[in-house]
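Reader: I would like to learn how to read a structure like this one. Please start with the sheets and then go to the contact between the chains.

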Amino acid sequence: MTTTGTHGQGPFIAAIDQGTTSSRCIVFDRDGRIVSVDQKEHEQIFPKPGWVEHDATEIWTNVQQVVAGAVEKAGITAADVKAIGITNQRETTLMWDKNTGEPVHNAIVWQDTRTDALCKELGRNVGQDRFRRETGLPLASYFSGPKVRWLLDNVEGLRERAEAGDILFGTMDSWVIWNLTGGVDGGRHVTDVTNASRTMLMNLRSLEWDERILASMEIPAAVLPEIRSSAEVYGHAKDGALAGVPVASALGDQQAALFGQTCFEQGEAKSTYGTGTFMLMNTGDEPVQSYNGLLTTVGYRIGDQKPVYALEGSIAVTGSLVQWMRDQMGLIKSAAEIETLASSVEDNGGAYFVPAFSGLFAPYWRSDARGVIAGLTRYVTKAHIARAVLEATAWQTREITDAMTKDSGVELTALKVDGGMTSNNLLMQTLSDFLDAPVVRPMVAETTCLGAAYAAGLAVGFWPDTDALRANWRRAAEWTPRMDADTRDREYKSWLKAVERTMGWIEDEE
Amino acid sequence: MARTIQSLERAAAMLRLLAGGERRLGLSDVASALGLAKGTAHGILRTLQQEGFVEQDPASGRYQLGAELLRLGNSYLDVHELRARALVWADDLARSSGESVYLGVLHQQGVLIIHHVFRPDDSRQVLEVGAMQPLHSTALGKVLSAYDPVAHSEATESDREAFTPHTVTGLADFESVLDLTRARGWASDVEETWAGVASVAAPIHDRRRMPVGAVGITGAVERVCEGGELGAQLVAAVRDCARAVSRDLGAGRF
């Protein structure tokens, strides 16, 4: 993307998105418009089935390159940039030597399942909810705490070095900030509340590391970064293209999208439709415990203001189901064609597709479930299946919003959406029909980077307050419900019947 | 027998030769198999290569069939693919112009709106995806009629209804509007379809330079026009957007 010549003369905010497959840097102007983008992918390392790692040194090199690239494409200098914001893949865990700056092991990525057995062991007689009250999370292999424990147990001599105070732990925000602010030469070892809330080591109410959990997981406090707010100046970039610029925000990617969508009021929610889907709802300044299979997490915290909490529900298979239709089934040539195929029929022809490819996630959490296409008759064509594919994403969103309403007592008034699948008009209309609520797409698709930029801009006074950010938010499209209540209820019932049929397929979990 | 073009026959023979099993052939293989002088064979191969029908292996210098042949078979661009590619650019156009953005393709006798971005103010607006617009009076329709021969015949053979006193309905006048559109690369509609409404549109081309759609902005005439003329900055923004989408679809710079 290039400048169109209609942007102001600056100043600007730069956002770094250290993501799962790539690192990006986007420069934004005061209106929240994109001035330039640079992006670089990094290697996905699969040492064993179920294991996923990243080379943190490669990632840091890429981050430096994309920052330089975005600044150059924008035709600006460090003097034009008022702050740097960071957003990152969540939970991915790294430990490094604070004297040399060398990682002691590849970063263990959030998708990595090597801590499955360890998590069961940590659950003891209580099970996966052992730390839920304190952390809002179930014991699952995504979260950082058990990954730290795995590293301490499996990298030779690491525990001793950690206890001696030579080793630092961090999620990718910490790694990027530590390096940006000088690394071995005075780098700041910090993390923000949103990233810390995904470690399973932080107490959601005190926003401090929980000593009891640290003891249970046998993690020495010396390795931990300082927990800071999501929007404050952590330090200044030491060198590189943005030397001297304040590093002023950090937010996990989904929380950054919540911020970029300006969901600042209790009950406002966003849903990001990519390979999988992540939905977060702002629940105000109190953490809401979930009894319906959702996660409780920190949404954001601006400086010394009260923290804002969120409920989170994720759907494992959404965009990837469309890819599956393209790559494994060969029913379409491109992802966008799913809409063409699905639009060629009026309805699903009685077919329902529950893509429980690796079990059912929120709100069911059934690992014994597997995918099902139910309701097949001779009448059903591939077009009906395509329709069922899109409806699956919409119904799964409905299940999560229902769980959020039950947990929070707040009815969803409108859903703000972003991500690649929002270009699918039929899906967005179906979503609105099934939710019986308006679905709204904002004008800037890059809400994750925008959220990091917003938080950094607030921290340095580039934007005065969240109202100014709201004023930047622009509606690009809105879909309103067109389905009558009877049809919706009948269809939902059929969907739930199809979901039931996925359960118990795997008889022996081992 | 009717008169045929020898070089086309030879090119066709070369493609059949290269299609015979999975193989790469050198220049002399091709020349001798078809009984041609090397220079003649090379000229034809080079032309086919430029069109993408033949590719040359950089290491061995041997020739094989090109990817373009595969694409010929399924050349139809899915409109949802077009929308997905245009999304970012259309959003940016709406923000920079302050007006609503429409993306249209030819469908039957009119323009089918396949993408719509709201005007970036807080007013209530309704998504118009799926709506039809006339070919002869709207900016999108004029662009399609100027660049797409099928749209052109639909528009010239239709009745060209007068929606307002400004609608151009006469065939000769309409053709000169299309000539102007082709000459400057964009079309306008100043109160020719709806009173008080003006629009500007430019063509989107695919990688073969085929016109696959049109993108434009629509707004109140007093905002879009300056002293009776269309705002030059708006026109430039629309054309930039059309070029950006075309580039994303693989069209070269033009």
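Author: Strands of a sheet pair through backbone hydrogen bonds, either parallel or antiparallel. In chain A, seven strands make an open sheet with mixed pairing, in the order β15-β16-β14-β13-β19-β20-β21. Helices (H or I, at least four residues) and strands (E, at least two) are DSSP runs, numbered from the N terminus, and two strands pair if DSSP finds at least two bridges between them. β15 (295-300) and β21 (475-479) of chain A are at the edges with a single partner strand each, so one side of each has no neighbour in the sheet. On average, neighbouring strands of this sheet are turned by 30° against each other, direction ignored. This is a predicted model, in which local features need pLDDT of at least 70 and side-chain atom pairs count only at pLDDT 80 or more, while totals for chains, interfaces and linings use all residues. Residues are numbered from 1 along each chain as its sequence is written, chains are lettered from A and ligands numbered from 1 in the order in which they are written, and side-chain values use heavy atoms, with hydrogens and water left out.

Reader: In which sense do β20 and β21(A) pair?

Author: Strand β20 (residues 439-442) of chain A pairs with β21(A) in the antiparallel sense, over four bridges. Within that pair, Val439(A) is opposite Trp479(A) of β21(A).

Reader: Which strands does helix α12 of chain A touch?

Author: Helix α12 (residues 382-408) packs on the sheet of chain A and touches β13 (269-273), β14 (277-284), β16 (308-315) and β19 (415-418). Contact means heavy atoms within 4.5 Å. The direction of α12 makes about 150° with that of β16(A). Axes are lines fitted to C-alpha atoms, for helices over the stretch in contact, and angles run from 0 to 180 degrees between N-to-C directions.

Reader: Where is Pro363(A), and what kind of peptide bond joins it to Ala362(A)?

Author: Pro363(A) is in the loop between β17 (352-354) and β18 (372-374) of chain A. The bond between Ala362(A) and Pro363(A) is cis, with omega about 0°.

Reader: How many residues does each chain give to the contact, and how much area is buried?

Author: Chain B gives 25 residues and chain A gives 27 residues. The two chains bury about 2,400 Å² between them, 52% of it on carbon and sulfur atoms. Buried area is the accessible area (1.4 Å probe) that two parts lose on being put together, summed over both. In chain B, His80(B), Arg95(B) and Phe118(B) lose the most area to chain A, together 26% of what that side buries.

Reader: How many salt bridges are there between chain B and chain A?

Author: The count is four. A salt bridge is a side-chain nitrogen of Lys or Arg within 4 Å of a carboxyl oxygen of Asp or Glu. One of them joins Glu478(A) and Arg124(B), with the closest N and O atoms 2.9 Å apart.
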